[in-house]
Amino acid sequence: MKATIYHNPNCGTSRKTLEILEAEGVDVTVVDYLKTPPSKEELKRLYERAGISPREGLRAKEQLAQDLDLVEGPVSDNAILNAMTENPILINRPIVETEKGVRLCRPQDAVREIL
C-alpha cells in the first residue's frame, strides 16, 4: 500500500503516525508541508475526501488563527483555505492519504481506518 503523509517532524502526533505507517510496511511519501505546502486546490480536495471542512482542518490553537479571526464567528471555507495556503502552520496535522481515503490523524491511530 502507498500513502502520503503531510507531516511536521516537530509534532509528536505526526511522528507517531509516520511510525505506524512504517511499522505497517506502507510505502510512504513524506511531505513536509511547512516547507512544501499544498495548494489551495489540493487542501480542498484532501478535506473533501476526508469528509471534513476546512475549519475542522484548521489548527485553531495556533495564535495566528486567532490573530486572523479564523476561529470565532462566520468565516468562509475560502478564507480559511487562503489563510492556510499563505500560512501553512495553520494546517492541522498529520493528514494521511491512501487509496482507501484521507484522515486527519488526531489521534494518530485514526490512520488505521485507511490502511
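Biologist: Is P38 buried or exposed?
Modeller: This is a predicted model, and in it P38 has a relative accessible area of 9%. The cut-off for buried is under 20%, so P38 counts as buried.

Biologist: Where does P38 lie?
Modeller: In the loop between β2 (27–32) and α2 (40–50).

Biologist: And what does P38 touch, leaving out residues up to four places away in sequence?
Modeller: Y6, Y33, L43 and I91.

Biologist: OK, switching to charges. How many salt bridges does the structure hold?
Modeller: Seven. One of them pairs R112 with E24, with the closest N and O atoms 3.3 Å apart. That pair links distant parts of the chain, 88 residues apart: R112 is in the segment after β4 (101–104), and E24 is in the loop between α1 (12–23) and β2.

Biologist: How accessible are R112 and E24?
Modeller: R112 is partly exposed at 43%, and E24 is partly exposed too, at 49%.

Biologist: Which other salt bridge does R112 make?
Modeller: One with D109, at 3.4 Å from N to O. D109 is partly exposed, at 44% relative accessibility.

Biologist: Which residues are joined into one network by shared partners?
Modeller: E42, R45, R49 and E97.

Biologist: What about E62, who's its salt-bridge partner?
Modeller: R59, with the closest N and O atoms 3.4 Å apart. R59 is buried at 11% relative accessibility, while E62 is partly exposed at 22%.

Notes. Residues are numbered from 1 along each chain as its sequence is written. This is a predicted model: local features need pLDDT of at least 70, side-chain atom pairs count only at pLDDT 80 or more; totals for chains, interfaces and linings use all residues. Side-chain values use heavy atoms; hydrogens and water are left out. Helices (H or I, at least four residues) and strands (E, at least two) are DSSP runs, numbered from the N terminus. Buried means under 20% relative accessible area, exposed over 50%, partly exposed in between (1.4 Å probe, protein chains only). Contact means heavy atoms within 4.5 Å. A salt bridge is a side-chain nitrogen of Lys or Arg within 4 Å of a carboxyl oxygen of Asp or Glu.
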